[in-house]
Amino acid sequence: MFAMTLGSPVPPPASAMGVTMSKKCGSLRVLAGKTGGGGGGGGGTGVVFPSFLPKEVEKIKDPFSRTLAQRIERLPVQIGSSESCIMSSCVKPLIQSETSPVVLLHCFDSSCLEWSSAYPLLEEAGLEAWAIDVLGWGFSDLERLPPCNVVSKRCHLYQLWKSYIKRPMILVGPSLGAAVAIDFAVNYPEAVEKLVLINASVYAEGTGDLAKLPRIVAYALVSLLKSIPLRLYANILAFKGISLATSLDWTNVGRLHCLLPWWKDATINFMSSGGYNVIAQIKQVKQKALVICGEHDQIIRYKQSVRLYCELQDAIMRIIPDCGHLPHVENPRPAAKLIADFSRGDCN
């Protein structure tokens, strides 16, 4: 639940390092020429980050996280029936493919930076990949805080899809992101062609007693949630084995969004709303699904992944060896290949 970490020693392809793409490649069409953007600082290194990211982004060492952070942008997404918009953070694809777009969600209290290692591999495979920040987390502008409950998160994702993606998608959800994906697929089946559920946290009955905490206690608990010691401990649970230096750097990446001024209020809003309880929705999913689990996951046990596989109407299941709770972070190459093969119909 608390594993918000990223990075992996996989050499990124040239397209992930800011190389301009200027020609058609088979069925792919180039949407943007260069990575990067924004007006943030770069610590004198020549690297330019978006101005809305916390300045602590400059201290991150992981090259994949730094590269993807440069590509984060905010898109206006209308909320409800009003004319007001939320400037919503995401990473847009550089290419448009004839195959269905792949839309990447993230874990509980995380951000699109969770996909730093796997994202360039998906692009290298020719996929039209979006990395989306779920409402209330990530780097969106929530100065005028909207509700961050399940309904609001679902509607926000739908409006973003309707405004920008516009085609049935392969929706990818790791950990709690799997609950987000299932809830969305059941409520907006026209928007989802297939599901990829990675170490899915889908059998919790919402936030439980956390929803009943007095506000002063809730704020104290949430403050602890962004602390470095707790996040370091989460890394110990989430990964099969990484060095202290790597764990510390990934911790800095995973908690970067917590440094935005509205993060605490948005998180408490979600906790007090009751959170996700999709147990009854699992058997309603009509889309084909790929269930992925890490061989050494200490957070979501193997039997829970098997249960999910059995309860879905149309599913296949794959195990990624030598990794824990977040295979797309710890062992991104096989994770990206499974997603790419499944999106193209090659994973049976």
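Predicted model: local features only at pLDDT ≥ 70, side-chain atom pairs only at ≥ 80, totals over all residues.
Residues are numbered from 1 along each chain as its sequence is written, and side-chain values use heavy atoms, with hydrogens and water left out.

Reader: How many bridges join strand 9 to strand 10?

Author: Six bridges join these two strands, which run parallel; Leu-290, for instance, has Ile-316 in strand 10 as its bridge partner. Strand 8 (residues 192-198) is also parallel to strand 9, with five bridges, and Lys-194 stands opposite Lys-288 in strand 9. By contrast, strand 3 (residues 85-91) and strand 6 run antiparallel and are joined by two bridges; there, Cys-90 has Ile-132 of strand 6 as its bridge partner.

Reader: Is strand 9 mostly covered or uncovered?

Author: A residue is buried under 20% relative accessible area, exposed over 50%, and partly exposed in between (1.4 Å probe, protein chains only). Strand 9 (residues 288-294) is mostly covered, with six of its seven residues buried. In helix 7 (residues 244-254), the buried residues are Ser-247, Asp-249, Trp-250, Thr-251, Val-253 and Gly-254. Their cover includes helix 1 (63-71), helix 6 (228-238) and helix 10.

Reader: Where is His-328 found, and which residues does His-328 touch?

Author: Contact means heavy atoms within 4.5 Å; a polar contact is a pair of N or O atoms within 3.5 Å, where, within protein, one must be able to donate a hydrogen and the other to accept it, and residues adjacent in sequence count only if both atoms are side-chain atoms. His-328 is found in helix 10 (residues 327-330) and is buried, at a relative accessible area of 0%. Not counting residues up to four places away in sequence, His-328 touches Glu-114, Trp-115, Ser-117, Ala-118, Pro-174, Ile-198 and Ala-335. The side chains of His-328 and Glu-114 are joined by a polar contact of 2.8 Å.

Reader: Is Asn-149 buried, partly exposed or exposed?

Author: Asn-149 counts as partly exposed because its relative accessibility is 24%. Its place is in the loop between strand 6 (129-132) and helix 3 (150-165). A polar atom of the Asn-149 side chain lies 3.3 Å from the backbone nitrogen of Val-151 and one lies 2.8 Å from that of Ser-152. Asn-149 and Asn-269 are 120 residues apart in sequence, yet 6.9 Å apart in space, C-alpha to C-alpha. Beyond residues up to four places away in sequence, Asn-149 touches Asn-269 and Ser-273.

Note on methods
Helix = DSSP H or I, 4+ residues; strand = E, 2+ residues; numbered from the N terminus. Pairing = 2+ DSSP bridges.
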